[in-house]
Every structure is written in C-alpha cells, then in structure tokens.
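The following explanation is intended for a reader who meets this structure for the first time. Please keep the sequence and the model in view while reading.

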There are 2 protein chains.
Amino acid sequence: MDTLYINIERLCGRLDELAQVGAIDGTMGCSRLALTDEDAEGRRLVITWMRDLGMDIAIDGIGNVIGTWYGSKTDQTLPSVMTGSHIDTVRTGGRFDGNLGVLAGLEVVETIAERGLSPAHPISVGFFTGEEGSRYAPDMLGSLVYVGGLGLESALHIEGIDGTKVGKELERIDFRGQAPCPGPVPKAFLELHIEQGPVLEAENISIGAVDSVQGISWTQITIEGQSNHAGTTPMQMRHDAGWVAGEVTSFVRRLANEIGGNQVGTVGKIDLVPNLVNVVASRATLTADLRNTDDERLKEAELRLANFCDDLSEQEDVRITSEILARFEPVKFDDSLVREVIKFSKSLKLSVKSMTSGAGHDAQMFARICPTAMIFVPSKNGLSHNPDEFTSQEEIENGSNVLLQMMIQLAGLNHG
Amino acid sequence: MDTLYINIERLCGRLDELAQVGAIDGTMGCSRLALTDEDAEGRRLVITWMRDLGMDIAIDGIGNVIGTWYGSKTDQTLPSVMTGSHIDTVRTGGRFDGNLGVLAGLEVVETIAERGLSPAHPISVGFFTGEEGSRYAPDMLGSLVYVGGLGLESALHIEGIDGTKVGKELERIDFRGQAPCPGPVPKAFLELHIEQGPVLEAENISIGAVDSVQGISWTQITIEGQSNHAGTTPMQMRHDAGWVAGEVTSFVRRLANEIGGNQVGTVGKIDLVPNLVNVVASRATLTADLRNTDDERLKEAELRLANFCDDLSEQEDVRITSEILARFEPVKFDDSLVREVIKFSKSLKLSVKSMTSGAGHDAQMFARICPTAMIFVPSKNGLSHNPDEFTSQEEIENGSNVLLQMMIQLAGLNHG
C-alpha cells in the first residue's frame, strides 16, 4: 500500500475554525477555560466534525468526549487505537496546545476514510476535560478520571477558582454524559502535541519522539529571620530572610547544573515580608520547582536542597520550614512505540530525536493503562500558554503524518 | 558646682503620659502619625509642659515647636543651645523613638531650674514636624525646613500617603505657626535618641557618642529576562530574572562584607513577575540599600554593584536597568562635641563608644548650620518602629545625665 499523507489545508482549516471560538481579539490565541460557554461551543464544533466523519460519540461522566470510527472491515470487539488531547485552554492561550492533537486525530480518520480504507481495530479520537487545570485543579483531570486515577464523584465535587463545581458546570453546559468512568482500555494511546519548549526549534529538528515525562517536585520554603533596620544593624548581627532566599535561589540553579542530564530547577516565586527597601526581611517564602525523568536523581536533588537549607538555617540562625506542594513521579512511555515514532519519522525523511516532556499531558495518564507515546512538533521560541504560541503548517504536517503512520500501523489497514 | 542629675521618675512619668496619646491597646507602643489628631494631642500636651516650665513657645510655618527657656541671668541676645527631636511616630511605633529626646530636653530645663540656676545662653527644646516620613515624604521634614534645606511653600504642598497636603493638615490641627523658616541658628544642637540598632546592647555599652550619620544609597534594580516554562526550558536556554535577582541579593551582602568597616548592604524588597511556581520569571524588581559613613567607599560600593549587574546582564542576556531612589551623603558631627560626649560619659562612670548612626535623625539637618552631636542609649534587641521598642529606666537616666552635662557645659551656668 502507498504511504498515506494527511491534508494539511483541511487540518489547518479546522484549527483555524476552532480558534475562532473564544478568540482573543487582535491575536492568534484563544480563551476557552474548561467548562465555560466557550469550551462548550468548542466541544459542540468538534463533535459536529466527528459526526460528519461518521464517528460514534461517547461522553462520559466527567465530560470526556470519545469519537470512535469503525470502518467497513473493523472488528468492533477489538480495543480501539486511541489518539487525542484536549481543547480547553489557559485564560490567554494559543490555538495549538491540545487542539492540534485532537484535530490531527480527526484528520487521520478522514485521510484513511477518504481513500476507502478500513482499520482492523476501531480508531478513537478523544478530547479530555480540563487538561490545563487553569479553572479546576488538578490538571489533566479528565484523563485522570478516564484511567481510574480519581473517582468520578470526587472529581465532580472539585471547586474551581471561581467557586463553581465541576459537576454543576458539566450539567450547565450539558456535557455530563452517561459513558462509564473509568473508560475502556485502548490498545494503545498516542498524542501529538506542540513541544511548549525551545529544544526542537533550537536544534532544528522536526519531530520529538517523547520517551518520558519529567517527575515534578514542588516545594514551598519558608524562612523566618528577624526584621531589622537596614541602616543600624551590622552585617554580622543579621538574620536576613531575604538574603537566605537569594542564596536558595542561586543554589537551585547550581544544583540543576551539577546534577546535569535533564534535571531542571526553578525558583519562580519569592515573597518577602515586609518587603521594604530599608528593612531587613523577617520572612521569605519561595518555591522550588525541581524536575527530572529519573526519580532517583530527583530525590537526590530534593535531598541536597533540604540539606542546603538546613545548613543555612544553622549558619544564619533562621528558621527554615518546607512544604511539599506537588510531587509526581516521572512517567516512562512505551519503548517499542517510541522506537516506532523514530522509525516512521526517518521513513518520512524527518529529523527526529528522543526527548522528555517537561510539561504534563493527557498521555501520561494513559501510560498507566496501555502502551503510550507522544509526538512533539516545534514551538516557536518555546512559547506556549500565550496567544503568540506558533507552530508552522509544515511542522504540523510533519507531525500529523507521523501520527498517521503510527495509527495505521497500530490499527491495521485493509481495503474497505 | 556639684554635678547635677536629672530626675528619672519625672522623666519617665512624662514619657508614660505622652505614650498614652495614641496608645496601641495591649502594647507599650503608640501610633501618632504626623499631623493627625493624635499628633496634635501629643503636641498640645508637650506644649503644656513647656509652658509649665516657663518656656517661650515659638511655632513656625511648618509646625516645628521650639520652647525656649531664659533663666534670670540669661543673655537673651545670645543664640540658644538647642536640644530636641520629634514626637511623631510610625503607624505602629514605640514610645521612645523621638519622644525621649524631647522630654529629656524638658527634664534638663527642669533640673537646672529647680536648683535655682540660670544658663548664660538660652536653652531651647524643639520638636520637629514629620521626622518619620511615614505620612509625608521626605522624612526629617520639619528639621529640613528649619535649616533652610527645603522651602516652606514646597513643604506645605507635599502630598501624603492618604492624599492630604501638609499645609492643609497643619491648618486643620492649628499648628501652622508664625515663626520664620528657616529658624534662628543655635549655638549648638544636641539630640538624645535610642540607638534603634543592636550594637550598644550587644557590646554592653551605656552611651553611644554618635560621630556621624551614614550616607544612604537606595537603588531600584529591574531585571528583564524571558518568561518560560519551568519544565520544558533547559537550564542553559534560560534568561531567568528570578535567578539574577537571587545573585544580586547574594552579592549585596558579599559586597558589604568585602568593603568592611561600617558598610552595610540590604536587599529588602524583591518582586517577581509573574511570580508563579512553574514559570521562569520574566521580570524582577529589587532594591539595594547601601550605607557607609565614608562617601568614597559608598561610591565604590555603588560602582561595584553596577559592574556586577552589567556583567550578569551580559552573561545571562537579560536587560538590567537601575534607578536611584534616594542618595544622601554621609554627615559628620562636630569633633569637639563628640569628644565632650565621651568625656562626660566617662566622668559619670558610664561605658561609651564612638559610633555611627545608621538611621536618619533631625540632628543631621542641624549639622548643616551649627556644631551638632548625638547621644545614643541602647535599644533592646535593636528593635524600633515597633510597639516592643524598649530602653530601660537606667539606660534613659544615663543618657539624659550625659545630655544634661553637655547642655550645662554649652549654655554656661550661673547661680540665679
């Protein structure tokens, strides 16, 4: 059988049409927070497209929407090969994050269908509720519930930043469905996504074969020193929470560089009290975001940070306490699927590299229940969660064609 | 003539009575922001005491109140020997800061008067408007206008943090007086004040003979980097404004320690944007407070900080700009008066050390126009601008007796 290729104009047309829903004036971006009216309008548009392709629609109790396509020779008793992502966005988001993975899935179905071909396994394309976590925590909520990582009842009671409840909002927008949670286990799960980082662009590589998702460790560190007059207090008599915060901030980067590999470390938040030019700070609160694909190294980073704080606490006679804000173990994707992503990229003459994902994705939830992998395409300037998020048509086409080959390989193709 | 000693019960009685005005419930502290009703009530109380002592009251255009005592043998054509301080407080202040210097002045007058003695020079006790700067900037406003450092009309138009104007508030509380600004030049000016720092207590010394006030350099440093995802952005591709802020904070202390002497350096204020746990900060704003009694060394500190920022800016490819928020040259007090403070302390068997003031005081304004010095007494735990500010009766007595000997020496004493 000849190699099939997706229709990039058709795919970009759908991306453009979906981006009009909740469009942010004067930008390419859009705003469709989970379960808002804009999200509902986007959902209805995608479902229309699914129906136009002859897909069966299942909506489950948390509002995940799974469209399943059965070709003329599909064995409906076999598990689906599933792809998908999310269509909710952050408050000021781009048009590619999530949406690309969903609409590329539809494009895969249409590409196969228009050639009169039929998969052996059903092909499912899903979009999952509240991946961004911008309105309801945790992020990746819908896929977490799909795989059984969180009970439906608990999920429905989650309260959002605006005081609303997930269950009530699902009912309000008419997306609390009847399909069961957890949902059916797919044969495999694939997700095409923009990188949301700068690596592919910087290295001029077309495809990222994502082999893992970084483990995440978020710690809030509170330093209690002594408020003093910045003029009258000799340096050696200070217990300066602000200075200690500076030392910790400096150390977190040194730590990441010393551990090396894909270890990253960030202090993104610092708050001093009283935060005045002429007062030695009595109190500082800062956060350390540590990530690594290797849990042992992540634990080493956590331990070294804790030891550094202990030493500083003693040296400066300040009280340092810490609180874990979040801790996720790294996720490893399926080796064999990752190798296939590399193989198909090369067969399409596309440059490819194995890489890790620094951000969380719905695919990492599916990795708990079935063979899973992800395909990354470049993000211009590494920008995401931003209306200026951009991936070129050619890059989208490349990634979608890799997804297409993978889906064909996994679903098995016959002449219809 | 026998050595005279002040009456500590009488002085502490007045301190206590004044502290009832604007008292903060459940604490020893009080709240009398400049030109508020509480400040006005405090002013009227002190004026009552001045009148009871037979002092002439002069209120000038900025609301400074100068009580002058002429004994029976005083030559009224001679310039006054002046002491004083302020009675306004920060919003949650202590009972000693400022008030001690004013009420010790009254105690000096009463001690001399009750012995039937008369000074050759008039003795003046002043309290100066808005020393704290908590409601109206700049601080030391009244003494600045008294010495001609700021024109009266400009001062009257200053707007406060609550949108009020100095001139209107002076009229409202009936303290816009007729005495001229600038005011008469005293023969000498002395100010007794709590240290507001920890040095005297830590070294177990009774009296600080203040020989200088530190020069102050406040710089606001703004770092513009690039906002990035804390998970997806490799360490070497970051332009992290938060990390740069940490490095600068760390450097400011290193700088102070390297320059040594009485150089101090503080980063008391840090603000990151967007200040989120999982976002590399795009922007950081921080302040550097550098102080030294030696202006050359202070300039060296400023230059080295600027160079450090330039190097970091290049190394990290971030934009660093700085803005001078305040710059005051160091003030040197009168050598001969400082030596007298040391001499009288020793004659009273009190431990004494020459020291610098890290905080600003009304005395530094008078240093522009007449021989000036200050006497410091210990502050428990170095605390000030705090209801827990504390100096013991014995420490107050010691300092007031040194002030008394100094005033006698300068004014010249005769039997009345």
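Predicted model: local features only at pLDDT ≥ 70, side-chain atom pairs only at ≥ 80, totals over all residues.

Residues are numbered from 1 along each chain as its sequence is written, and chains are lettered from A and ligands numbered from 1 in the order in which they are written.

Chain A comprises 12 helices and 18 strands; helices (H or I, at least four residues) and strands (E, at least two) are DSSP runs, numbered from the N terminus. The chain is divided into domain 1 (8-213 + 330-415) and domain 2 (215-328), with bounds that come from an automatic or database domain assignment. The C-alpha centres of these two domains of chain A are 37 Å apart. Their contact involves 4 residues from domain 1 and 8 residues from domain 2, where two residues are in contact if their C-beta atoms, placed from the backbone, lie within 7 Å.

Along its principal axes, the C-alpha trace of chain A spans about 85 × 45 × 40 Å. Of the 416 residues of chain A, 56% are buried, that is, 20 or more other C-beta atoms lie within 10 Å of their own; exposed residues have 12 or fewer, and partly exposed ones fall in between, with C-beta atoms placed from the backbone. Among the contacts in chain A with a separation of 6 or more, 77% join residues 24 or more positions apart.

In chain B, attention turns to helix α2 (residues 37-52), which has 16 residues. Its buried residues are B:Asp39, B:Gly42, B:Arg43, B:Val46, B:Trp49 and B:Met50. Seen down the axis of α2(B), these buried residues fall within an arc of 125 degrees, so they line one face of the helix; the arc is that of the directions from the helix axis to the C-beta atoms. The elements covering them include α1 (8-19), β1 (56-59), β2 (65-69), α3 (99-114) and β5 (123-127) of chain B. On the face turned away from the buried side of α2(B) are the exposed residues B:Thr48, B:Arg51 and B:Asp52. After α2(B) comes B:Gly54, with a positive phi near 80 degrees.

Between the chains, 48 residues of chain A are in contact with 48 residues of chain B. On the side of chain A that touches chain B, the largest share, 9 residues, comes from α8(A).

Technical notes
Expected span 1.5 Å × (residues − 1).
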